[in-house]
Amino acid sequence: MARTLSLPSKPKQSASKKAVRPVVTKKVTKAPAKASKPVKREVVKKAPVKKAAPKKAVTPRKTAPISKAPAKAAKAVAKPASPASKASTDWSKDPFNAKLKPAEKVSFLREMLRIRRFEQQALKHYNNGAMGGFLHLYIGQESVAVGTASLMNGQDEIITAYRDHGHALAVGMGMNECMAELFGKGTGCSKGKGGSMHFFAPDKHYWGGHGIVGGQAPLGMGLAFALKYKGIKGCAIAFLGDGAVNQGVFSECLNMAALFELPIVFVIENNGYSMGTSLERSSAIRHSLASRAEGFDVDWSLCGGFDLYELRANLGAVMEKARTKFRPHVLEVSTYRYYGHSVADANAKKYRSPEEIERYKTEFDPITLWEKQLLKEKVITEDGIEKINSEAKAEAATAAEFAIASPWPSEESIFEDIYHEVDHQTEAGQTGRHFFSE
Amino acid sequence: MPVITYRQALNDAFAEELARDENVFLMGEEVAQYNGAYKVTEGLWQKFGSKRVIDTPISEAAFLGLGVGAAMMGLRPVVELMFWSFAYVGLDQIINNAGCIRYMSGGLINVPMVIRGPANGGTNVGATHSHTPENFLANTPGLKVVCPATPYDAKGLMISSIRDNDTVCFMENTLLYGDLGEVPEGAYTIPLGVAEVKREGIDVSLIAHGRAVLTSLAAAEILSVEHGIEAEVVDLRSIRPLDEETILNSVAKTHRAVLVDENKPFCGVSSQIAALLAEHAFDELDAPVLRVTALDAPAIYSMPLEKLQLPDAQAVVAKVLSSF
Ligand SMILES: Cc1ncc(C[n+]2csc(CCOP(=O)(O)OP(=O)(O)O)c2C)c(N)n1
Ligand SMILES: [Mg+2]
C-alpha cells in the first residue's frame, strides 16, 4: 500500500478521505516511461513468445491492496503533487521549456486567463437563464489545455470530452463563436446545433467536444491512424477523465493503439471526481489509472498538471515519442475542477469538502502558480498581468454581447447539416426520401 | 389520496419493492451516495445500505451485463441509466443478452431485470443526450418497453416491471419528474400491455405515450373549447406489450386517428400504430391516419429551435383540424 505519493507538506491529509488523488512524483513518473522505452518494436509480429518475456521492471508498486473495500482502497490512492514534492526537479530547464521565449510564456498566461474569464462570463449568463442544458466548467484545469496546445506542431490533432471550452479556446477558436454557441445562436461555432458539449474546429485540429463519456477515445485513435496512414508527422491527443477510463472502449483502445503502433497520447485529466464519485469510489487502482496501460504494453506516466512547465515537459516528450516512434502513451495528469461537475450539479460541495476546494484554489491554482513563476523570472510585472487580465475580461464581455446580439438559427436550419449529399444537392442527395417530417 | 411527484412515485415504488423482496437491488451511476443524478433514488442508500443500492463506475456495458447475469441467477436488478442515451455503449448487453437469452436457452433462463432512466429530448442537451430509443428496443422480441406519463402510472408500472420475469426497459422523462399527481400509498400494480383512455371523446383518437400524452390532453382541451371537437386520448403506457384492443376500440368509436409521438417518425412507435390501423381498422377510418412526431433531425441544442422539434399542443390541434 504505502506509496511514496503522499503530500509531504500537508499533515493530516489522510484524515480527509476525500482529498485523495493520484499523483505525481517525479520518481514515479520517470520509472515506467524509461523502463518501457525498451526494445524497439517496429514490427508487430505475432510473436507470442517474445511477448511473454516480462518486458520491464515495473513501477515501484507493491502488491495490490488486499481488500477492495472502498475505505481501504482510498488509502491506496495518491495525493496531488504539491510544488514541494517535486522540489528536486526544475522543469523550467527541461528541453521543452528551456528555449521558451518570454513572449511565449506570457502568451500561456494570456490563454489561461482568457479561458477562465470566458467561462466566468458564460457562468453568469447560464445562471441568468440565457443558456440551456449543461455547462461543464474547466476552471482550475486551464493549464492542461493551454500546455497541450502550446506543444502542438501544426500537424497534431486533439479531441476531448464535454468539458471542452478550454481546449477550444486554447487551440485558437474565437470567444465570439464559442460564446454564441453556448447561447444557441446561429453564429455559434456549430451554428447553435451542438451546444456546450459539442464544440469542433477541424481547421484548428480540434475534433470536439463529445458528450458520451469515453466516446472520443476511439475517435482519437482514428485521428492517429489517419496521421500515420497519410505519412504525416503528427500525433493525436485524446483527453479523457478519471471516470471515463472505466468505459470498456478505453481498454479496447489501449490494445489497438499498441497493436497498430499508433501515434497517440491518451491524456487522463484526473481531477479526482467523476460527477459526485471520487476516484477511489470509481476505480480499482493498484498504482494509478495510467498504469492500466501496462497490461497492454502501452507506456504510461504520471504528471502534475498545475505547473505548466511540468506539464509541457512531460507531455512534450511523449508527443514527440508518439510522432517519431509510433509509441502510444497514457499520461495521467493531476488537476482539479473548482465548480461542480456541471453548473447544475447541486451537490458540488457535498461530495468534497469546501476546504479541499479552497486548498486547491490557494495552493494549486495553475494561473496563480504561473503568474508567480513569471514574476519570479521577471518576464512580466504585476501591471502586465493586470493588463492581460482586464483584456481577457473585456474580450469575454464583448463575446457575450456578440452572442446576445446574434440571431437564432433559422427554422429551416434544423434540417441542414444532416446529410452532406442533401446539403450540396448532389445526385446522391436527390434519390430517395431522406427526411420523414413533412 | 396523497399528491406527489412522478419522481417520488418512482422512489416509493423502489422503497416498497426493496423492502418486500430481498432479491431486488438498485444499481447505476450516482444512484446511491449522490442520491441519483435526478434524485429519483434519493434516500434509498441511507435506508437500504450499500448492498441494495449500489454506485457503479461509468461502465454501462459492464453493469448492464452484470445485471443480466445477476438476473439469470434470480436476482431482480433495477439498473439505472443516467440517460437512456447512454444505453448505446451497452446495447449488446441489452439486445443480445437480456433480449435473446431466454429464447436461446429454450426457456431455461429468465432475465427479470428492469433497465430504467430518462429518455427524452427538450432539455437543450444536444443530440447525444436526447435519444428516445423506445422504438428500437421494442423492435427486439424478448424486451418489454414501458413509458409512463403520470405519477400514478409511474409507480404502478414500476412495481409491475420489477415483479415481471422478463427484462423491462422503463423510460422516464426528466421533464416529468417534477409533475404532481395523486398516488396511493402502498403497493399497487398496473399490468404491462394495458393502455388507458385518459380522456373520453367521440370525434378523433389521439394516441400517444410518455410526455406526448400530456401534450395530447392539452390539445384535446383546446379542440373542445375552441373547435367543438371532442378528442379521445389513449395513453399506450406500454409500447411492448402493446394494447391493440384499446387502440382499435377507440378508433372504431371516433373513426379518426392522430398519432402523437416524441419518437422520430421513421420506424417510430407511431409507425407501428399506423400499420396496426391500416391492417385492422381500415374500414373504420373516415380519414387518413395522421402523425405528429419529433422532427426528423438530430436534437438541436439551440433553445427556441429545440422547442419546435417536439410535438406541442398547437401542432396537434392543427393536425387534427386538417383531418376534418
Ligand atoms: C456513457 C456515458 N455515461 C454517463 C454519462 C454521464 N456523465 C457525463 S460526465 C460524467 C462523469 C465523467 O467524469 P470524468 O471522466 O472524470 O470527467 P470530468 O467530468 O471529471 O472531466 C458522467 C457520469 C455520459 N455522458 N456518458
Ligand atoms: Mg474527473
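1. Ground rules. As a predicted model, it has local features taken only at pLDDT of at least 70 and side-chain atom pairs only at pLDDT 80 or more, while totals for chains, interfaces and linings use all residues. Residues are numbered from 1 along each chain as its sequence is written, and chains are lettered from A and ligands numbered from 1 in the order in which they are written.

2. The chain contact. Chain B puts 31 residues into it and chain A 36 residues (in contact means C-beta atoms, placed from the backbone, within 7 Å). On the chain B side, the elements giving two or more residues are helix 3 (60–72) and helix 11 (303–309), and helix 11 of chain B gives the most, with five residues. Helices here are DSSP runs of H or I with at least four residues, numbered from the N terminus. By class, that side of chain B has 19 nonpolar, nine polar and three charged residues (Ala, Val, Leu, Ile, Met, Phe, Trp, Tyr, Cys and Pro are nonpolar, Asp, Glu, Lys and Arg charged, and the others, Gly among them, polar).

3. Helix 3 again, inside chain B. Helix 3 of chain B packs with helix 4 (residues 91–98) of chain B at about 25 degrees, axes 8 Å apart. Axes are lines fitted to C-alpha atoms over the stretch in contact, with angles from 0 to 180 degrees between N-to-C directions. That makes the two helices roughly parallel (under 35 degrees; over 145 is roughly antiparallel, 65 to 115 roughly perpendicular, the rest oblique). Ala61(B), Leu64(B), Gly65(B) and Val68(B) of helix 3 meet Asp92(B), Gln93(B), Ile94(B), Asn97(B) and Ala98(B) of helix 4. That contact has five nonpolar, three polar and one charged residues.

4. A helix pair in chain A. Helix 6 (residues 142–151) of chain A packs against helix 12 (residues 308–325) of chain A at about 45 degrees, with axes 9 Å apart, so helix 6 of chain A is oblique to helix 12 of chain A. Among the residues that meet are Gly147(A) in helix 6 and Gly316(A) in helix 12. The residues of this contact divide into six nonpolar, five polar and one charged.

5. Ligand 1. Ligand 1 lies between chains A and B. Its shell holds 19 residues, the closest being Val213(A), Gly241(A), Gly243(A), Ala244(A) and Ser274(A) (a residue is near if its C-beta atom, placed from the backbone, lies within 6 Å). By class, the shell has nine nonpolar, six polar and four charged residues.

How values were computed:
Two residues are in contact if their C-beta atoms, placed from the backbone, lie within 7 Å.
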